[in-house]
Amino acid sequence: MIIRGEFSYKKAIILTSERLLEINTFLEKNYSKIFYEGKCKDGSNIEFANVEELLEHRNHKKNKLTRVTIVARDELYKEKLSISFEAVRSFFLLLKRSVEVEYFTETIESKTILVKTFQDLFDRSKAKYWYLVKFSTLFYFYLLSLVVYIIQAINYFTNAQNDSTSTTQISSFSITHWSLMIILIGLLLSALFGLDKLITQAFPRVVFSWGEELQNDSRRQRSREQLFWIIVSIIFGSLITFILNKIWIF
């Protein structure tokens, strides 16, 4: 009998060297072959001979890890496990799973132990700011309110243009107001994607906390404190804008 299954973990994770060694210890007890692979920020892939070599990786700049995959199996390929940690680069993708686990096993008992072990380990690795991931859906709400605003602006300018009586007035009105609207949309989108970058850096989905990432954590902590109130302001501002737009429509 072969049982194939998978599960995932959606909360933000701080993967420290201690947690990684704990994973390695569990794998060594249950599997004969263990493979480690990492993907760097520049898109290159690295195969590590063992967990010690992975932890010696400097993890900086273009060589900063964005994904770590661990594959373990027995000699006969009857027992196999794949664990993938991935740090997404956009806050709009935070609904994506931070960890994905796929396994093949022969008994219900081993399946139960495996799932329980890793769920417990992921819970203990959970970042303190994990709950902020839940607010990522509100940025989709922000985009929706932005689209509603743009549609209303287009309708307003179109109606105003139709009400004009002079061809010269129509041309002048059209050029001036459409230019202003395009500039406004550009500024809003620039602010949105700029904030997206700041949030992603301050609240990473997965942190591979070794090498230079240990030094970066204190800087991220300061950024989180500054961004917290910015996020709150944007969320409430978006809600108020949406409510006012709804009142305007009716």
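Me: In what order do the elements of the chain run from the N terminus on?
Reply: The order is β-β-α-β-β-α-β-β-β-α-α-α-β-α, where helices (H or I, at least four residues) and strands (E, at least two) are DSSP runs numbered from the N terminus. This is a predicted model, in which local features need pLDDT of at least 70, side-chain atom pairs count only at pLDDT 80 or more, and totals for chains, interfaces and linings use all residues. Residues are numbered from 1 along each chain as its sequence is written, and side-chain values use heavy atoms, with hydrogens and water left out.

Me: How many helices and strands are there in the chain?
Reply: The chain has 6 helices and 8 strands.

Me: What is the strand order in the open sheet?
Reply: Its 6 strands are ordered 1-7-6-5-3-4, with antiparallel pairing; two strands pair if DSSP finds at least two bridges between them.

Me: And which are the edge strands?
Reply: Strand 1 (3-9) and strand 4 (45-48), each of which pairs on one side only.

Me: How many bridges join strand 5 to strand 6?
Reply: Strand 5 (residues 65-73) and strand 6 (residues 80-86) run antiparallel and are joined by 7 bridges. Opposite leucine 81 in strand 6 stands alanine 72.

Me: Which strands does helix 1 lie across?
Reply: Helix 1 (residues 17-30) lies across strand 3 (33-40), strand 5 and strand 6.

Me: Changing topic, what share of the chain is buried?
Reply: Of the 250 residues, 37% are buried, meaning under 20% relative accessible area with a 1.4 Å probe, protein chains only.

Notes
Buried means under 20% relative accessible area, exposed over 50%, partly exposed in between (1.4 Å probe, protein chains only). Contact means heavy atoms within 4.5 Å. Axes are lines fitted to C-alpha atoms, for helices over the stretch in contact, and angles run from 0 to 180 degrees between N-to-C directions.
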